[in-house]
Amino acid sequence: MKKVFKFGCFGFIGLVLLIIIIAVATSGGSSSDTASTEPSKDSESQDIDKKVDNSDKKTTGVGDSDNNTSNDDMTKSQKNAIQQAKSYLEFSGFSKKGLVEQLSSDAGSGYSKKDAKYADNHIDVDWKEQAVKKAENYLSTTPFSKKGLKQQLTSNAGSQFTDKQAQYAIKHIDVDWKEQAVKSAKNYMDTMSFSRDQLIQQLSSDSGAGFTKEQAEYAVDKVGL
C-alpha cells in the first residue's frame, strides 16, 4: 500500500508540471503571432505614403512643363505661323481676330485655326497701334467719316478691332474730316448725279457716309452744288 501511494504522488506532480509547461508554451506562441502581424500594417501605410508623394511629384512636373513653353516645344507649323504673322503685321494693320482669320483662311495662309491662334498668342504686338495703322491704311485709299471709319474698324465685315482700339486709333490719326467729306462727295458724283440736297443727305445719313451735317454742307459747297 505504501508503494502505490508514493507512485501516485509522483505521478500527480509530473502531471502538474506537464500542464504548466504546455501553458507556458501556448502563451509564448500567441505572443509571437501577435508581434508578426504588426509590421504588415506599417508596411501598407508606408506604401500609401509613397504613392501620395509620387502622385504629388508627377502633378507638379506636368504643371511645370505646361507653363514653360520654349521654342523647342513648338511644332514646325507653329513656328512658321508666328513668322507669317510677323510678316503680315509689317505691311498692314491687323486686329487680333483679323490676324487669326488671315492666317487660317484659304484666301490667306491656310494654317489650322489652332496654329493661327497659337501664333496670335505668341507675338509681341500693340493692338491699339495696329488699329492706328489700319485706320491710316483705310484713309490712304478711301475717304471715311469719323463714324464710318469706326464702323469699318470694328465690324465683322471690316477689321474686327474692339471699340476701345478703334476709338484710340481715331484719336491718334492726323485727319481733316471736312476734306474727307469733300473726297467722298467727289466719289459719289463720279458714279451718279445728285442734287445738292440729295448729296447732303447721302453724305450725312447713317446709311450713307455718316459725316456730320456741317461736314456734308462744306463738301457740297466745295464740289459746286
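**Reading a loop residue and the salt bridges**

Analyst: Let us begin with Gln 160, which is placed in the loop between helix H6 (146-154) and helix H7 (163-171). Please keep in mind that this is a predicted model.

User: Is Gln 160 buried or exposed?

Analyst: The residue is judged by its relative accessible area, and a value under 20% counts as buried. Gln 160 has a relative accessible area of 13%, so this residue is buried.

User: Let us turn to charged pairs. How many salt bridges does a search of the whole structure find?

Analyst: In general, side chains of opposite charge can pair when their charged atoms come close. Here the search of the whole structure finds 4 salt bridges. One of them joins Lys 96 and Asp 120, with the closest N and O atoms 3.8 Å apart. Lys 96 belongs to helix H3 (residues 96-104) and Asp 120 to helix H4 (residues 113-121), so this pair ties together parts that are 24 residues apart in sequence.

User: Which of these terms, buried or partly exposed, applies to Lys 96, and which to Asp 120?

Analyst: Lys 96 is partly exposed, at 36% relative accessibility, whereas Asp 120 is buried, with a relative accessible area of 4%.

User: Which residue meets Glu 214 in a salt bridge?

Analyst: The partner is Lys 178, and the N to O distance is 3.7 Å. Because Glu 214 lies in helix H10 (residues 213-222) and Lys 178 in helix H8 (residues 177-191), the pair links parts that are 36 residues apart in sequence. Glu 214 is exposed, with a relative accessible area of 53%; Lys 178, at 31%, is partly exposed.

User: Where do the two residues of the salt bridge between Asp 221 and Arg 196 lie?

Analyst: The side chains of Asp 221 and Arg 196 meet at 2.8 Å, N to O. Asp 221 is partly exposed, with a relative accessible area of 48%, and Arg 196 is partly exposed at 31% relative accessibility.

Note on methods: Residues numbered from 1 in each chain as written. Predicted model: local features only at pLDDT ≥ 70, side-chain atom pairs only at ≥ 80, totals over all residues. Heavy atoms only, no water. Helix = DSSP H or I, 4+ residues; strand = E, 2+ residues; numbered from the N terminus. Buried < 20%, exposed > 50% of the residue type's maximum accessible area, 1.4 Å probe, protein only.
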